[in-house]
Amino acid sequence: MIIISVLPMTLQYMYNHAKLKKVLLVGAPVFILFIIFVVMILQKNIDEQLNSSITFGTRLTSYLASLKVFITHPFGVGWSGFIYYYPEAIRDIINTSWVSTLNLQEIKGYLITTKALSTKTDFFDNLIFGGFGFILFFYNFFIKRYIFFSKFRDTNFFFIKTPLLFFILAGLIYVTFYIKYEVWFLMAFLDVLQTQITNTTSKKNENTYSC
């Protein structure tokens, strides 16, 4: 995930330099073909690992169950509705022919008790809670902020964009943010920084127009 977080800035840096751009244009297709070749060779082993992995079975089922709740309740079910609708969605998902072949030992435990009941990701938990309202919040709070800082090519912003993208991806597929104080400290810092940059830019524009 760290590699994926760094990748956009790395590609942008290479694209903006003539020599590195040539390397990128030649090397990217070769690298993609190599990855496809490796995946084709190891496809059987990959399938076996995915089908036997408890983590993969739990997370995939959780994501699908969350999407099912969202489709049937697009405006969310709230916190109290979560403990009813989410397990019901899990029950429907694990009975499908494809998902039933996975290792569902852990996820089936969610049908017995509500202890530690979660999709294991911040995004899909809140998608069940808030539906479209959460998607709007997620876009304005995370995605829009990343787009804002991505406009700056200063290398100093690398240390801002990388952890921000990392937390966005982690919240989508890996962790919840309930006790991840470092996430909220970072977002608070970025909020202040974004406000300062916006105000400074506005003042420069006003001075330019006044002249």
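**Figure 1. Salt bridges in the predicted model.** A search of the whole structure identifies 4 salt bridges. The structure shown is a predicted model. Side chains of opposite charge can pair when their charged atoms come close. Three of these pairs are described in the views that follow.

**Figure 2. Asp92 and Lys68 form a salt bridge.** The side chains of Asp92 and Lys68 meet at 3.2 Å, N to O. Asp92 belongs to helix H5 (residues 78–94) and Lys68 to helix H4 (residues 54–72), so this pair ties together parts that are 24 residues apart in sequence. Asp92 is partly exposed, because its relative accessibility is 39%. Lys68 is also classed as partly exposed, with a relative accessibility of 30%.

**Figure 3. Glu106 and Lys120 form a salt bridge.** The distance between the side chains of Glu106 and Lys120 in this salt bridge is 3.2 Å, N to O. Both Glu106 and Lys120 are in the loop between H5 and helix H6 (122–130), and the pair, 14 residues apart, links distant parts of the chain. Glu106 has a relative accessibility of 31% and therefore counts as partly exposed. Lys120, with a relative accessible area of 24%, is partly exposed.

**Figure 4. Arg145 and Asp191 form a salt bridge.** Here the side chains of Arg145 and Asp191 meet at 2.9 Å, N to O. Distant parts of the chain are linked by this pair: Arg145 lies in helix H7 (residues 132–150) and Asp191 in helix H9 (residues 181–210), 46 residues apart. Arg145 has a relative accessible area of 6% and is therefore buried, the cut-off for that class being under 20%. Asp191, at 37% relative accessibility, counts as partly exposed.

**Figure 5. Helix H8 and its buried residues.** Helix H8 comprises 16 residues (residues 158–173). At 1.5 Å a residue, H8 should span 22 Å, and its end C-alpha atoms are 22 Å apart, so the two values agree. The buried residues of H8 include Ile160, Leu164, Leu165, Phe167, Ile168 and Leu169.

**Figure 6. The chain as the setting for the close-up views.** The chain contains 9 helices and 0 strands. Of its 211 residues, 33% are buried. Among contacts between residues at least 6 apart in sequence, 70% join residues at least 24 apart. The chain exposes about 13800 Å², of which carbon and sulfur atoms supply 68%.

How values were computed. Residues are numbered from 1 along each chain as its sequence is written. This is a predicted model: local features need pLDDT of at least 70, side-chain atom pairs count only at pLDDT 80 or more; totals for chains, interfaces and linings use all residues. Side-chain values use heavy atoms; hydrogens and water are left out. Helices (H or I, at least four residues) and strands (E, at least two) are DSSP runs, numbered from the N terminus. Buried means under 20% relative accessible area, exposed over 50%, partly exposed in between (1.4 Å probe, protein chains only). The expected span of a helix is 1.5 Å times one less than its number of residues. Contact means heavy atoms within 4.5 Å. Accessible areas come from the Shrake-Rupley method with a 1.4 Å probe; for residues, only the protein chains shown count as cover.
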